[in-house]
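Biologist: I'd like to learn how to read a model like this one. Can we go through it feature by feature?

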Amino acid sequence: MDLHLDLHSHSGYAGGVGKTSFDDVERNMPLKGIHVVGTGDCLYPAWLNKLRDTLQEEHTGLFSYAEGSPVSYVLQTEIILTADIGPRRKGVHTVLLFPSFDAVDKAVLQLEAWGMKNTVGRPFLCCKDKFDVSKKIETLLDIDDFIEVVPAHVMTPEGVFGSKAPIDSLQDFYGESAERISIIETGLSADPQVLSLIPEFDRMSLISNSDAHSPALNRMGREFTSVSTRKDYPSILSALRKNHILGTAEFNPVEGRYFLTGHRGGRKGHEGHYCIFSPKNTPPDAKCPICGKQLTIGVIERALQLSAIQGEGRDPDDVKPKKPFVHMVPLTEIIAYSLGIISVSSKKVYNNYIKITSIIDECDLWFESQNAIRRKLSGIVDDKLLENILSVKRGEFCFYPAGYDGEYGTLRIGTTMDYEDVHIIK
Ligand SMILES: [Zn+2]
Ligand SMILES: [Zn+2]
């Protein structure tokens with residue numbers, strides 16, 4: 001069966017906004033059309049106990065909160081691994097997936113023996129260097145054939161290829177264990193098009209998850225991966241490992257907070273002035289023309305650097321991802337935009353959301369044809385809202401200015417933007 005997966009989320013114990021309650025997840029995920037979600041934070045004692053007390057194993061490795069619910073849970077956490085890379089210390093967010101509570105318990109024992117800091121939902125594990133990272137990852141993977149290690153949101157500053165303490169290959173951080181990594185999470189700041197620039201990912205499966213810290217309709221399931229397989233954990237993981245992926249739904253990475261290179265106005269010495277550069281316009285020394293410090297190198301520039309370091313240097317217009325993907329915007333945000341409402345959590349937005357998702361769930365909205373959507377929603381929702389949904393499906397939307405140095409781009413529907421010539425100093 002076709003399954004929509006969101007295998008990276010967080011409980012209320014990971015900090016950030018919102019608390020995740022099962023009741024909220026159970027109410028919202030059927031509207032979204034997400035079938036399988038990650039529990040988040042499954043190494044954290046209080047949350048692990050709650051999961052153990054609350055969930056029932058309904059299909060091998062997939063757990064249910066309520067009998068007969070369409071939503072299944074995978075035991076999942078994100079962990080921050082740190083290690084010395086040359087003179088610098090690098091922290092890399094990494095998703096772990098587990099097939100059973102037994103595998104989680106064994107991993108917890110091992111991680112605690114290594115001194116894991118487990119005082120928040122997303123724990124830390126200090127490693128000495130890449131050899132130590134490798135030894136620890138291999139030991140975890142050897143606990144169970146169906147434990148999976150997935151580098152998270154690989155291009156953000158906290159991702160393995162982020163601009164903080166930059167490295168040139170997965171081996172530079174994960175050591176020899178990199179060979180056992182076969183799944184990469186694109187994250188909100190990158191998509192398969194951007195990651196296809198990087199030769200090392202050619203043999204990998206690219207998956208997309210929400211990394212949500214709340215079950216809000218514009219958070220959980222905001223990015224997802226579709227597979228066609230049996231509904232049990234071993235089948236799902238095998239499909240992902242073999243890249244038997246139907247497609248992914250992705251944010252347009254231009255919106256991501258780190259897409260272009262620059263410095264935001266709130267930085268010291270900036271007094272509200274900011275600068276943004278596309279790769280070809282970044283100053284040769286990569287220094288900020290306003291404060292003189294090193295610029296935050298954007299995702300697209302890092303991907304091009306890695307493309308040149310690892311291979312011949314690929315052209316963004318020439319690369320072709322192996323699996324289909326769609327760029328989307330959370331439906332509640334399109335509704336709020338169309339109605340001129342600022343809050344995505346307003347009653348009016350919710351009512352329109354329910355009107356649409358009672359006809360078609362949000363995941364299917366992004367994969368159905370435009371004609372089918374027009375047929376299904378004509379006369380049901382406001383014309384402007386329908387046209388905006390169709391515009392997003394056609395890719396006619398952009399973020400202006402593009403995201404950079406921690407700032408999100410602002411959504412504009414009905415127009416596109418070429419970011420190649422961006423050179424802004426204001
Ligand atoms: Zn993370
Ligand atoms: Zn600056």
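Biologist: Which residues are the protein donors of the zinc ion (ligand 2)?

Modeller: First, the ground rules: this is a predicted model, where local features need pLDDT of at least 70, side-chain atom pairs count only at pLDDT 80 or more, and totals for chains, interfaces and linings use all residues. Residues are numbered from 1 along each chain as its sequence is written, chains are lettered from A and ligands numbered from 1 in the order written, and side-chain values use heavy atoms, with hydrogens and water left out. Donors are N, O and S atoms within 2.8 Å of the metal (3.2 Å for Na, K and Ca). Here they are H263 (ND1), H270 (NE2), C288 (SG) and C291 (SG), at 2.0 to 2.3 Å from the zinc ion.

Biologist: What is the geometry of the site of the zinc ion (ligand 2)?

Modeller: Ideal angles for four tetrahedral donors are 109.5 degrees. Four donors count as tetrahedral if all angles lie between 85 and 135 degrees. This site has angles of 102 to 116° among its 4 donor atoms, and is tetrahedral.

Biologist: How are the donor residues spaced in sequence?

Modeller: The pattern is H-x6-H-x17-C-x2-C.

Biologist: And how do domain 1 and domain 2 meet, say, how many salt bridges does the rule find across their interface?

Modeller: Bounds come from an automatic or database domain assignment: domain 1 is 2-252 and domain 2 is 328-395. A salt bridge is a side-chain nitrogen of Lys or Arg within 4 Å of a carboxyl oxygen of Asp or Glu. The rule finds 1 across this interface.

Definitions and conventions:
Tetrahedral: all angles 85-135°; square planar, octahedral: opposite > 155°, others 65-115°.
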